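Hello,

Here is the structure we talked about handing over. My notes follow below it.

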Amino acid sequence: MFSVDEIRRFFRGRIALDEPLAKFTWMKVGGRADCYLEPADKQDLIEIVRYVRQHDIPFMMLGRGSNVLVSDAGIRGVVINLEQGLTKIEVASGEVSAEAGVRITKFVDVCVQNGFAGVEMLAGIPGTVGGGVVMNAGAHGGEIADHLVDVEIMQGVDVVRVPKAECGFRYRHSKFEGEVVLSARFRLPAGDTETLIQRRKKLIQLRNASQPLELPNLGSMFKNPPGNFAARLIEQAGLKGKQIGNAQISEKHANFMVNRGGATAADVMKLIDLVQRTVYQNSGVRLELEVKLVGFQHEEQAA
Ligand SMILES: Cc1cc2nc3c(=O)[nH]c(=O)nc-3n(C[C@H](O)[C@H](O)[C@H](O)COP(=O)(O)OP(=O)(O)OC[C@H]3O[C@@H](n4cnc5c(N)ncnc54)[C@H](O)[C@@H]3O)c2cc1C
């Protein structure tokens with residue numbers, strides 16, 4: 001049974017009821033969460049996860065919301081965001097350990113400044129380390145899993161470390177969806193800071209030139225199918241610039257959908273459906289969503 005008064009007795013972070021989630025998602029779309037929590041630190045997170053699990057309260061983890069489409073109906077239960085409280089990052093004995101709420105941009109910067117190579121291609125990905133590990137975020141041939149040693153998660157009410165080989169990493173996937181990632185540890189090859197800074201700069205310029213960053217979006221909506229690019233297939237299907245309500249397939253990058261102001265999750269869902277149907281008719285390829293849908297009824301997703 002869910003009791004905010006009971007939570008208030010031990011929880012040190014921020015609690016908000018009936019909280020609009022659109023402001024916490026990169027696309028600025030989505031309804032409200034019954035209860036929104038920002039743990040004060042890792043121990044606070046561990047305690048609240050133990051509580052919700054022991055009381056069978058539905059909950060979901062939210063990073064920077066840069067890869068989730070939240071339904072207009074919002075989320076029943078608890079949403080836990082780590083961006084305020086789990087932001088510690090440490091460099092020791094040639095390893096970098098980052099709590100789940102650390103921004104990927106910050107993580108990359110600390111690595112680069114300390115002369116560690118192998119993650120500079122992740123610069124510009126607007127998520128957290130936690131969300132990045134769950135999604136196995138990557139760009140320009142590199143993935144967050146490449147130099148990862150292990151991931152600290154909650155298994156039931158216990159804290160455990162999962163070695164990389166057991167994380168189930170593959171393209172934009174890990175076994176941690178629906179789990180709670182607390183932190184991740186990396187061992188990275190040495191690199192020259194100045195060279196890494198230049199590489200990062202070049203890659204960010206490439207991103208700025210090719211992505212519609214001036215409007216709220218969710219990055220790549222669909223995974224690239226083997227041997228092809230989702231953007232190319234969408235463009236070939238003649239869908240670039242197609243708009244439903246206030247959601248639009250970007251003119252700049254066909255695998256991005258942008259919020260032109262006041263778009264609803266329903267608008268985005270209609271566009272997703274249109275893309276999947278039209279691309280299949282046009283090329284026989286079934287595009288798979290990279291973005292996670294949350295708060296939708298099963299029937300809405302299936303439709
Ligand atoms: C402009 C733009 C560019 C992008 N470019 C790239 C790119 O180049 N490469 C790429 O891979 N992605 C890219 N993305 C997508 C996105 O940034 C990544 O997937 C990122 O890793 C998501 O992190 P997040 O913290 O925002 O996670 P969210 O979107 O908040 O969550 C994603 C999933 O992870 C879960 N989750 C989040 N935190 C935790 C946690 N601590 N424990 C357990 N589960 C958790 C959520 O429940 C959800 O299922 C881009 C997005 C945008 C908007």
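**Sheet, helices and ligand shell**

Helix α3 lies across β6 and β7, and runs at about 20° to β6. Some ground rules first. This is a predicted model: local features need pLDDT of at least 70, side-chain atom pairs count only at pLDDT 80 or more, and totals for chains, interfaces and linings use all residues. Residues are numbered from 1 along each chain as its sequence is written. Helices (H or I, at least four residues) and strands (E, at least two) are DSSP runs, numbered from the N terminus. Axes are lines fitted to C-alpha atoms, for helices over the stretch in contact, and angles run from 0 to 180 degrees between N-to-C directions.

**The sheet**

Five strands make an open sheet in the order β6-β7-β12-β10-β11, with antiparallel pairing. Two strands pair if DSSP finds at least two bridges between them. β6 (89-92) and β11 (158-163) are the edge strands; each has a single partner strand, so one side of each lacks a neighbour in the sheet. The twist averages 20° from one strand to the next.

Now the pairs. β6 and β7 are antiparallel over four bridges, with Ile-89 opposite Ala-98 in β7. They form a hairpin with two residues between the strands. Ser-93, in the turn, has a positive phi of about 50°. β7 and β12 pair in the antiparallel sense over five bridges. Ser-97 has Arg-185 in β12 as its bridge partner. β10 (residues 148-155) and β12 are antiparallel over six bridges. There, Ile-153 stands opposite Val-181 in β12.

Helix α2 (residues 42-54) packs on the sheet. It touches β7 (95-99), β10, β11 and β12, and its direction makes about 140° with that of β12. Contact between two residues means C-beta atoms, placed from the backbone, within 7 Å.

**α3 against α5**

The axes of α3 (residues 104-113) and α5 (residues 193-210) come within 8 Å and cross at roughly 150°. That makes α3 roughly antiparallel to α5. The cut-offs are these: under 35 degrees is roughly parallel, over 145 roughly antiparallel, 65 to 115 roughly perpendicular, and the rest oblique. α3 contributes Val-108, Val-112 and Gln-113 to the contact; α5 contributes Thr-193, Leu-196, Ile-197 and Arg-200. By class, that contact has four nonpolar, two polar and one charged residues. Ala, Val, Leu, Ile, Met, Phe, Trp, Tyr, Cys and Pro count as nonpolar, Asp, Glu, Lys and Arg as charged, and the others, Gly among them, as polar.

**The ligand shell**

Which residues come nearest to the ligand? Of the 36 around it, they are Gly-63, Gly-127, Gly-130, Gly-131 and Gly-219. A residue is near a molecule if its C-beta atom, placed from the backbone, lies within 6 Å of it. β3 (59-62), α4 (129-135), β8 (138-139) and β12 (180-187) each supply at least two shell residues. The largest share, five residues, comes from α4. By class, the shell has 18 nonpolar, 13 polar and five charged residues.

**Gly-65**

Gly-65 sits in the loop between β3 and β4 (68-70). Buried or exposed? Gly-65 counts as buried because it has 27 C-beta neighbours inside 10 Å. The cut-offs are 20 or more other C-beta atoms within 10 Å for buried, 12 or fewer for exposed, and in between for partly exposed, with C-beta atoms placed from the backbone. Leaving aside neighbours within four places in sequence, Gly-65 is in contact with Phe-24, Thr-25 and Trp-26.

Best wishes
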